[in-house]
Amino acid sequence: MRLDLLSSTSITQSVRPLKQYGTQGVVFQKEQETVLAAPVKTTIDPIEESKRLAAYTAVDQHVKPEHRVIGIGSGSTVPYVVDRIVQQGVDVNKDRVFIPTGFQSKQLIVQAGLNLGDVDQYPTIDVTIDGADEVDRNLNCIKGGGACHLREKVLAEAARTFILVADYRKNVERLGTNFKPGVPIEVVPFAYAKVLQNLHEVLGSPNAKLRMATKKAGPVVSDNGNFIIDAPFDNARMADPFTIMAQIKMLTGVVEVGVFCHMAKAAYFGNEDGSVTIKWDDGRIDSVAAAESS
């Protein structure tokens, strides 16, 4: 964000702001002289706007006043989910409980002043809204880019309605199209080397590797104290995500696999043109104009 003054020489250190006038500009006063600055210029990133549109539309259509237990997922779209829920008002939210999938969503809930709960207390959830790394035409999805897929899958299974929200880049025909790191796999540290060997030699993922941290030495550690393996598969294997998910899950030491199959009721994708595409589990595809989702 940048402020351009009409006259750079007419403002000195003694100038003080009087009032912010939104996009109309800022009025400054120097002694008895009033100077009008140029409007504040703001630019909305199109990717962020598409995430906001998807999240707002999903909340508007699926988080109803009668819902009392709500799951909050993880990822870059989820802050907009929480923002829209907060906009529903204090009266609606005061009797609700929000269940997080990880540290990020827990912080969002707490910072928004919403009631924090746990799946131990509320094993049945009215609706869970979560992000995704990719979603295919059948609403199978890859999750786990943020290493939260174990808790995300627990909340997805606990929910009466599971909804995905993402930007248009995540809307694909086949998993693995744009998300190249591979299938996220949470594994107990003791077993990671053997699991890697089985992925390389048995399941056909020769490039599977332990996910390493970027700001510290060593591997990424999940909220559950486990390691994460990223296992890319070729197009033929990813054409049947349920089978590859089941095969990985059978490996001893694997805690959870970041492939979600037959779970989502709908997926909401914000598009570049401001519309929102909605894919349903029965194959229907709807579209909502931007004006209707803001």
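Is K143 buried or exposed? K143 counts as buried, at 2% relative accessibility; buried means under 20% relative accessible area, exposed over 50%, and partly exposed in between, using a 1.4 Å probe and protein chains only. Before going on, please note that this is a predicted model, in which local features need pLDDT of at least 70, side-chain atom pairs count only at pLDDT 80 or more, and totals for chains, interfaces and linings use all residues. Residues are numbered from 1 along each chain as its sequence is written, and side-chain values use heavy atoms, leaving out hydrogens and water.

**Charged pairs**

- Side chains of opposite charge can pair when their charged atoms come close.
- A salt bridge here is a side-chain nitrogen of Lys or Arg within 4 Å of a carboxyl oxygen of Asp or Glu, and by this rule the count comes to 15.
- One of them joins D130 to K143, with the closest N and O atoms 3.1 Å apart.
- This pair links distant parts of the chain, 13 residues apart: D130 sits in strand β6 (residues 125-130), and K143 in the loop between β8 (141-142) and α5 (149-158).
- Helices (H or I, at least four residues) and strands (E, at least two) are DSSP runs, numbered from the N terminus.
- K143 also meets E152 in a salt bridge, at 3.3 Å from N to O.
- Together, D130, K143 and E152 are linked in a network of salt bridges.
- D130 is buried, with a relative accessible area of 0%, and E152 counts as buried at 4%.

**Another pair to find**

- The side chains of D167 and R169 form a salt bridge, 2.8 Å from N to O.
- D167 counts as buried at 0% relative accessibility, whereas R169 is partly exposed at 38%.

**Helix α4**

- Within α4 (residues 103-111), the residues S105, L108 and I109 are buried.
- Looking down the axis of α4, you find its buried residues within an arc of 95°, so they line one face of the helix; the arc is that of the directions from the helix axis to the C-beta atoms.
- These buried residues pack against β4 (69-72), α2 (78-87) and β5 (97-100), where contact means heavy atoms within 4.5 Å.
- Which exposed residues does the face of α4 turned away from its buried side carry? That face carries F103 and Q111.
- Just after α4, G113 takes a positive phi of about 75°.
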